[in-house]
Amino acid sequence: MPTNFTVVPVKDSSGKASERIEEDDGDENDESRENEDAAGDGVPKENSPFINNTDNDKSSSYDGTNMALFEEEMDSNPMVSSLLDKLANYTNLTQGAQEHEEADDDEGSKKKAVKSPQMGTFMGVYLPCLQNILGVILFLRLTWIVGTAGILESLAIVGLCCSCTMLTAISMSAIATNGVVPAGGSYYMISRSLGPEFGGAVGLCFYLGTTFAGSMYILGTIEILLTYIVPKAAIFVAEKKEDQGDALLNNMRVYGTCCLTLMSVVVFVGVKYVNKLALVFLACVILSILAIYAGVIKTIFEPPDFPVCMLGNRTLQNHNFDKCLKMDMVGNVTATTQLWKLFCKGPDFNATCNEYFLNNNVTQIQGIPGLTSGVISENMWSVYGPLGMLVENKKLPSVGGSDPTQDIYLPYVVNDIASFFTLLVGIYFPSVTGIMAGSNRSGDLRDAQRSIPVGTILAIFTTSVIYFTCVVLFGACIEGVLLRDKFGDSVKGNLVIGTLSWPSPWVIVIGSFFSCCGAGLQSLTGAPRLLQAIARDGIVPFLQVFGHGKANGEPTWALLLTAGICEIGILIASLDAVAPILSMFFLMCYLFVNLACAVQTLLRTPNWRPRFKYYHWALSFLGMSLCLALMFISSWYYAIVAMVIAGCIYKYIEYRGAEKEWGDGIRGLSLNAARFALIRLEEAPPHTKNWRPQCLVLLNLDSDQVVKHPRLLSFTSQLKAGKGLTIVGNVLEGTFLTKEAEAKKAEQNIKSSMTAERTKGFCHVVVSSNLRDGVSHLIQSAGLGGMKHNTVLMAWPGNWKQSNDPQSWRNFIETVRETTSAHQALLVAKNVDSFPANQERLGEGTIDVWWVVHDGGLLMLLPFLLRQHKVWRKCKMRIFTVAQMDDNSIQMKKDLQTFLYHLRLNAEVEVVEMHDNDISAFTYEKTLVMEQRSQMLKQMQLSKTEREREAQLIHDRNTASRASMNDKSEAVPDRVHMTWTKEKLFTERNRNRECNSNVAMRDLFNMKPNQTNVRRMHTAIKLNEVVVNKSQGAHLVLLNMPGPPKNRGGDENYMEFLEVLLEGLNRVLLVRGGGREVITIYS
């Protein structure tokens, strides 16, 4: 046998001589490899650029020797090097138009190139959140809340609400960074995390909250306009003081309806202008806040002059008099003032006057004494009261004599509503909403997974600081009676917060006006799109009409419904009555965001891999509890109504078109629930993000029915962590009638091993006439309904070379083929007995993934699942991929890093270059030895079969001759020669066999290896060299498992290729995908 050579002619399977081995790869004949289907052809194509994609350029078809081992499945499982660019750029799809699983076949080549998003954290998340959080409540109600609740209770209110939104933001950050969040914001996150029932219910609640927020902002706009900018524009004017409240509400209704109509037209005609003006509105908010802080600083040196007129200890409305005096000197003559006329029946000194007016003096106090005045100590405590209660300063003297029935007609400042702590919580909470603004814009962000958590949490922190400091500064600078004067009647109708600002109150008035206008427009822009997203999902049938819109996608019908609901809030007309309504809906939405995060964390679903790591289920549960508490604190009856609405929507979505069947008794209900759940599971295959390995573990038992490889069960429990389905199967040869006792014993032993290895699952022992059929039956029929396995786990047949029965490794190869045909994943563990037990704790080390071909992403998912278990927790993940000669390895590494980043997987990346080297003499010789061994085994098997057949033939003839000799006379002498005939026949047969054997051996040593086998052996040797070089010290190596040959005549060569591929590696897990994507970048 030659051992030194450089050029050898090699014959391929068609018998034609190929070119020299050293020639270029392009000259090789690869026609036999083109247009070949993978084993188990018929895998349903997924709408993904990753797997089973037939749109790949034909020019990129495989041509070379380095990956010949995988060439038969290149059509369905393409090379990673050819896909990495698509994998990395897959995330740049436009967000919100369709879900990523849907195909856009209709558009085809009409698609326009989408400009990649470029917004960063500051412009894309931080500023939009600031704009949505800061708004009408800060400018119109915060001073009144501080004056009524006191500084301490106001801080408690702000602390409760800000804590609620901060905890919700932490949960939202975890969900938002668990993949790409298209348009729909919280609705998308909740519906994709908790299902369509919760998503639809909470999505509609969030829609109603956003719509009522629009009402609140419009009412705030009209309140600023009619109270502080142009009071004379009021249509309804109250002639009496007691009618002022009703007149204001009627004015709000009329002007609010007009404003709503105008804003709806603006949104309908030019929504792009609304987005362009967003920065202008935000600038107004920021300038107004800066004016407040500037005014606070100025009060230290020069407090502004805003006197408040007090009668006794009561605050007076300073609208209809100029001087805070009962009498005044006019030309050396004492005369009564305008204030006198308000409390007396005439201007004369002897006119009948109000008794309290006569008994008490009129004094003036400074409305804004300044930061150093010490007024903070007076504003620490709450001053709650009923409707109509007078706003009083208890420090001033007061002489009784008033008639409460007449006080309502006098120009006192009074409470327009009854005030108490829980009401103030409901009124204040809308000022901390708006935290979803960043997640709603994820499609426009350069790096959404980094920007959303940072921008949102930073915005909440900033606004919380603003609210906390404003509470303290308002209490430290402004007199208590002015703080409790909601509409600024005591300072001539000025906005209370405006009196504190610098350089002018008009800065706050104009800024808050435009702020409310902008927020109203944003609500009328966002709410219809949210309703459109819900309608297009089709989960609420009666809303489907609102999924339609103009040709450019603008939600026309949804805008009309939004305007109609918004009008309901405007007809309520009171800002203080509308605020608790939208608080309910926002709180319910935040509650379910926290619930979604807590559930996903506790279930530990495989797709739950948030890039934001600073979350915990306990924080989510605390946030959920806080939201629920705030709902009932704010308004228990609104909370019940909101929960009933959400519950009705939930039940409607859950049971629309579904029949309910009730059994009798608890067991009947349980069985019905299980049946219903199994039927629901079977309706459709699981979504990619919910895919987890549901394992069928094929165990081998020895002659005593004891489990051979218990570590296979340990590995299963480490992979599954008690989640999902595990079926442990075994096959006994024979018939069930004779093997029933052994089957029960085997099942008992397997269950004992499962208990010992902490494997939770079911045991299934099958008795079959042969092993191959039994395994096939298990793969086809294990499980029930939707609770079926999708992954087969088995041990590598380590002694296949030493086995006298080739059926053992043939069964293994047929199992590989059948799992592929059944579209199931396959995991083959080599040296499984050396795998760690559940009690072991692996130290610092690596789990190495060799990603050669892409067959669904299972290679990426398995290390993540293993690292959730304490055995593998300290191991780091490394991913290796192979670059060919024409590949740009630097770009491949960047693309792979990008892809892993979007998958939220932390792993080191390395690209290994494998050029098309010449096939070595060693490769040629090893292939030749392999084929010679295979041929010898075939001949030995044939010889054994012939010997058995000939022995049976001789036995039959001998038996027949003896029977004939007994029956016939012994006088026939020629019958005795039968013994000689048998020996002669035996000798003759041996001589022929030796002759044939010599010919066969001579042909065996003169044979030349098949060209395809040479190239495949070359792949196995070269790949094994780089894997051993990089990963010999790894705790576990995961490697793509090549498919078996389509021609069953090469099965023994396939086993040899795998043996060479795995040589020198300790713990190896060969992985074959099931023909579908199992990992996704989406949430």
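## A walk through a predicted protein chain

The secondary structure of this protein chain comes to 32 helices and 15 strands. Helices (H or I, at least four residues) and strands (E, at least two) are DSSP runs, numbered from the N terminus. You are looking at a predicted model, in which local features need pLDDT of at least 70 and side-chain atom pairs count only at pLDDT 80 or more, while totals for chains, interfaces and linings use all residues. Residues are numbered from 1 along each chain as its sequence is written, and side-chain values use heavy atoms, with hydrogens and water left out.

### The chain as a whole

Of the 1083 residues of the protein chain, 53% count as buried. Buried means under 20% relative accessible area, exposed means over 50%, and partly exposed lies in between (1.4 Å probe, protein chains only). Contact means heavy atoms within 4.5 Å. Among contacts between residues at least 6 apart in sequence, 83% join residues at least 24 apart.

### Cores and an enclosed helix

Which residues touch the most other members of the largest nonpolar core? They are Leu142, Met216, Tyr428, Phe429, Met436, Tyr467 and Phe474, in a core of 154 residues. Helix α4 (residues 142–176) gives the most to this core, with 18 residues. Apart from it lies another core, of 61 residues, among them Ala825, Leu862, Val871 and Leu1069. A nonpolar core here is a set of buried Ala, Val, Leu, Ile, Met, Phe, Trp, Tyr and Cys residues joined through side-chain atoms within 4.5 Å.

Take a look at Met216: leaving out residues up to four places away in sequence, Met216 touches Val136, Ile137, Pro430, Leu575, Val578, Ala579 and Leu582.

Now turn to helix α23 (residues 711–720). In this helix, 9 of the 10 residues are buried, so α23 is largely enclosed by the rest of the structure. The buried residues of α23 include Leu712, Phe715 and Leu719, and also Ser714, Gln718 and Lys720.

### Empty space inside

Rolling a probe the size of a water molecule over the atoms shows where empty space is left. How many cavities of 30 Å³ or more does a search of the whole structure find? The search finds 6. The largest cavity holds about 90 Å³ of space. On a 1 Å grid over the protein atoms alone, a cavity is a set of points where a 1.4 Å probe fits but cannot get out, and lining residues have an atom within 4 Å of a point. Grid points are joined across faces, edges and corners, and a volume is the space filled by probe spheres set on the points.

The lining of the largest cavity includes Leu69, Phe70, Arg1016, Pro1044, Pro1045 and Tyr1054. By class, this lining has 6 nonpolar, 1 polar and 4 charged residues. In this count, Ala, Val, Leu, Ile, Met, Phe, Trp, Tyr, Cys and Pro are nonpolar, Asp, Glu, Lys and Arg are charged, and the others, Gly among them, are polar.

Pro1044 and Pro1045 also turn up among the contacts of Arg817, together with Asn1047, Arg1048 and Asp1051, once neighbours within four places in sequence are left aside. Arg817 lies in helix α26 (residues 807–821). Is Arg817 buried or exposed? Arg817 is buried, with a relative accessible area of 7%.

### Residues in loops

Lys326 is found in the loop between β2 (314–315) and β3 (327–330). At 17% relative accessibility, Lys326 counts as buried. The partners that Lys326 touches include Leu311, Trp340, Phe357 and Asn360. A polar atom of the Lys326 side chain lies 2.6 Å from the backbone oxygen of Asn360.

Tyr615 lies in the loop between α19 (575–603) and α20 (617–634). The C-alpha atoms of Tyr615 and Ala169 are separated by 9.9 Å, although these residues are 446 residues apart along the chain. The side chains of Tyr615 and Trp608 are joined by a polar contact of 3.2 Å. A polar contact is a pair of N or O atoms within 3.5 Å; within protein, one must be able to donate a hydrogen and the other to accept it, and residues adjacent in sequence count only if both atoms are side-chain atoms.

### Backbone details

| Residue and phi | Relative accessible area |
|---|---|
| Lys492, phi about 60° | Lys492, 46%, partly exposed |
| Asn831, phi near 55° | Asn831, 36%, partly exposed |

Lys492 is found in the loop between α15 (480–483) and α16, and Asn831 lies in the loop between β10 (825–830) and β11 (845–851). The peptide bond from Trp502 to Pro503 is cis, with omega near 15°. Pro503 has its place in the loop between α16 (496–500) and α17 (505–537).

Key: 1 Å grid on protein atoms, 1.4 Å probe; cavity = no way out; pocket = protein on both sides within 12 Å on 5 of 7 lines; lining within 4 Å.
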